[in-house]
Amino acid sequence: MDVSWEPVEQGEMTGVLLGYEIRYWKDGDKEEAADRVRTAGLVTSAHVTGLNPNTDYHVSVRAYNRAGTGPPSPATNVTTTRPPPKRPPGNISWTFSGSTVSIKWDPVVAKADESAVTGYKMLYRQDSHSAPTLYLASKSQIDIPIPEDFTHAFVQIRVTGPGGDGTPAEVHILRNSGT
């Protein structure tokens, strides 16, 4: 989750502001059991990771200095997203047409406890020594330009959505094959 807040006024604080402490705890737990993340300096936002998916959290922020933490902000409620679908795209096939390879796969449908699929990410690598190229697709099909001397490529396809990226399906595409 991304957390941001208004900075504390220096006049409202004794001592030198060292940063802020974000406290977050699951709904039903006590604030005393909260996990903590600290920022340094005048930063007024933080990205908190390691949360459970599809879970209600309470969040508060406190300024801190050498003497300790100040009073908390009012707690805010946040619900994390459901995780991405666990199933990778399947039934991957491809066809060649001139200087293009068209890659297709069966669409992934999210289950009730998974976040929606908003698209697909494909990492394409000409060989094991080349840098991968990232392609984004909104449907379960994509056309990729290829060089004339193309013989093979390595491809990873995964779903993406509000819950993050799913598990990749990996295929080795050869010029004279189609699945």
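Strand E9 (residues 100-106) and strand E12 run antiparallel and are joined by five bridges, where strands are DSSP runs of E of at least two residues, numbered from the N terminus, and two strands pair if DSSP finds at least two bridges between them. The model is predicted, so local features need pLDDT of at least 70 and side-chain atom pairs count only at pLDDT 80 or more, while totals for chains, interfaces and linings use all residues. Residues are numbered from 1 along each chain as its sequence is written, and side-chain values use heavy atoms, with hydrogens and water left out.

**Sheet**
- Threonine 100 stands opposite proline 145 in E12.
- The order E8-E9-E12 describes an open sheet of three strands with antiparallel pairing, in which the edge strands E8 (90-97) and E12 (141-145) each pair on one side only.

**Aromatic pairs**
- Five aromatic pairs occur in the structure; rings of Phe, Tyr and Trp (its six-membered ring) pair if their centres lie within 6.5 Å, and planes under 30 degrees apart count as stacked, over 60 as edge-to-face and the rest as tilted.
- The rings of tyrosine 24 and tyrosine 57 are edge-to-face, because their planes stand at 65 degrees, with centres 6.3 Å apart.
- This pair links distant parts of the chain, with tyrosine 24 in strand E2 (residues 19-26) and tyrosine 57 in strand E5 (residues 56-65), 33 residues apart.
- Phenylalanine 96 and phenylalanine 150 form a tilted pair, with ring centres 5.5 Å apart and planes at 50 degrees.

**Burial**
- Tyrosine 24 is buried at 9% relative accessibility, and phenylalanine 150 is buried at 3%, whereas phenylalanine 96 is partly exposed at 24% (buried means under 20% relative accessible area, exposed over 50%, partly exposed in between, with a 1.4 Å probe and protein chains only).

How values were computed: Helix = DSSP H or I, 4+ residues; strand = E, 2+ residues; numbered from the N terminus.
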